[in-house]
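Subject: Structure handover

Hello,

Here is the structure for you to look through. Please keep it open while you read the notes below.

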Amino acid sequence: MSKGGNGDRCECIYLDHNATTPVAPEVLQEMLPYFSQRFGNPSSVHAIGRQAKAGLREARARVAALINASPEEIIFTGCGTESINLALKGTLLPAVGGALGGGGFSNGRSHAITSAVEHHATSHTLDYLSSFGVETTYVPVDRYGMVDPDEVRKAIRPETKLISIMHANNEVGTLQPVEEIATLAGEYGIPFHVDGVQALGKIPVDLCRLGCTFYSMSAHKVYGPKGVGALFIRKGSRPTSILQGGSQEDGLRAGTENVPGIVGFGKACELAREGLTREVEKYWRLRSILLRLVEEVDAVRLNGHREHTLPNSASLAFAHVDGMTLMLNLSLRGICVSTGSACSVRSLKPSHVLLAMGLNEEAAYSSLRFSVGRSNTEGEMERVVEEVKRLVLKLRLVSEARSVGVCGPDCPCYFR
């Protein structure tokens, strides 16, 4: 059940949980007192200020518990994008004597490594840093969207100051070998940032085992409020702040904290930790129903890995069908899906993730992303499968079968 902007209520099947999730009722209840009774500034030393500070303390512990970290290693930010910016800019700009480090620029003294399928929060930040002399190597991925750690090793230079690889891809769900890359980064003494925004709350995350330097997170992907994020910073590491002002968040994020939002983030992490095993099992069941489309409809391909993936995510390419048209027709039938990242939905360009995986533009434009969540049921997935089947047959264009970039050199057909 969702509520429209005009106040009317409408039935819908929401399958876009990788874009955002509804705030859990328990999260909202936990937040409400911090808008009124416990409204104090956590930097104030009086009683109401101390109440707010206690809320921050508890939230920090709850976030840390979900990822097996220490509360002192959690810095709260305004969103996942800000967390990524703090890790990247705070590490790379001082290395070139840029805006954060003082002094002049020195091209070539700072180098970063990332993948070709990162979220724009990472890739656009690195593009921006190129104007300060930071060079970036974008390592390729295979047909499933997975990075080869050997490619990362080959990209390392003496001046490499940071490696940044996402934990789980936001469009196709593929999990990256971040533990292997963390070991590799440790061998060379290079800081390693992991974009964990899509992984948090969907798979177990153990940062003691992972061993990365930074781990970015966002509240609204785990049934918390929008406008709140966090960055794990391993003890002994310290990026330079990208905001100047007060000494909040250990001097790394100036500005009065969003206490209600942070409290909500903490509660959301507690709920995720308590229900993770149960929810993961449910997501795999729901996803398996959706993947029947690959078997029951001609020329449908799963983008991404079938097993090494987020359990709630499936990106499917429907040959000879325009993905946007299919998405809009599903929306008219009360089924909410997406054509890819919500941050890129207004772009007329095909997904850079799918192109990097070897699909051509036609296949990329034919793809939809389905991402299930807590409220979804097996009955809903059955209905989605049937609706998609009917629409694909109705919308499918008749054209000559040919390779779209994912087949072998001798295969002339779509998705074989």
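The notes below cover salt bridges, an aromatic pair and a charged patch.

This is a predicted model: local features need pLDDT of at least 70, side-chain atom pairs count only at pLDDT 80 or more, and totals for chains, interfaces and linings use all residues. Residues are numbered from 1 along each chain as its sequence is written, and side-chain values use heavy atoms, with hydrogens and water left out.

Salt bridges first. The count is 23 salt bridges (a side-chain nitrogen of Lys or Arg within 4 Å of a carboxyl oxygen of Asp or Glu). Arginine 62 pairs with glutamate 270, with 3.3 Å between the closest N and O atoms. Arginine 62 lies in helix α2 (residues 47–67) and glutamate 270 in helix α8, so this bridge ties together parts 208 residues apart in sequence. Helices are DSSP runs of H or I, at least four residues; strands are runs of E, at least two; both are numbered from the N terminus. Arginine 62 is buried, at 13% relative accessible area. Glutamate 270 is partly exposed, at 23%. Buried means under 20% relative accessible area, exposed over 50%, and partly exposed in between (1.4 Å probe, protein chains only). Both residues belong to a network of salt bridges that links Glu30, Glu58, Arg62, Lys267 and Glu270.

Two other bridges are worth a look. Aspartate 250 meets arginine 238 at 3.0 Å, N to O. Both are exposed. Arginine 292 bridges to glutamate 296, with the closest N and O atoms 2.9 Å apart. These two are four residues apart in helix α9 (residues 292–296), so about one helical turn separates them. Arginine 292 is partly exposed at 24%, and glutamate 296 is partly exposed at 39%.

Next, the aromatics. There are two aromatic pairs (rings of Phe, Tyr and Trp, its six-membered ring, with centres within 6.5 Å; planes under 30 degrees apart are stacked, over 60 edge-to-face, the rest tilted). One of them joins phenylalanine 76 and phenylalanine 265 edge-to-face, 6.4 Å centre to centre with 65° between the planes. Phenylalanine 76 sits in strand β4 (residues 74–77) and phenylalanine 265 in helix α8 (residues 259–290), so the pair ties together parts 189 residues apart in sequence. Phenylalanine 76 is buried at 2%. Phenylalanine 265 is buried at 0%.

Last, the surface. Asp142, Asp148, Asp150 and Glu180 form a patch of negative charge (residues with over 30% relative accessible area and no salt bridge, like charges joined within 9 Å). Glutamate 180 is in helix α6 (residues 178–188).

Best wishes

Key: Patches are made of residues with over 30% relative accessible area and no salt bridge: like charges are joined within 9 Å, nonpolar side chains (Val, Leu, Ile, Met, Phe, Trp, Tyr) within 5 Å. Accessible areas come from the Shrake-Rupley method with a 1.4 Å probe; for residues, only the protein chains shown count as cover. Lys and Arg count as positive and Asp and Glu as negative; His and the chain ends are not counted. The place of a charge is taken as NZ of Lys, CZ of Arg, CG of Asp or CD of Glu.
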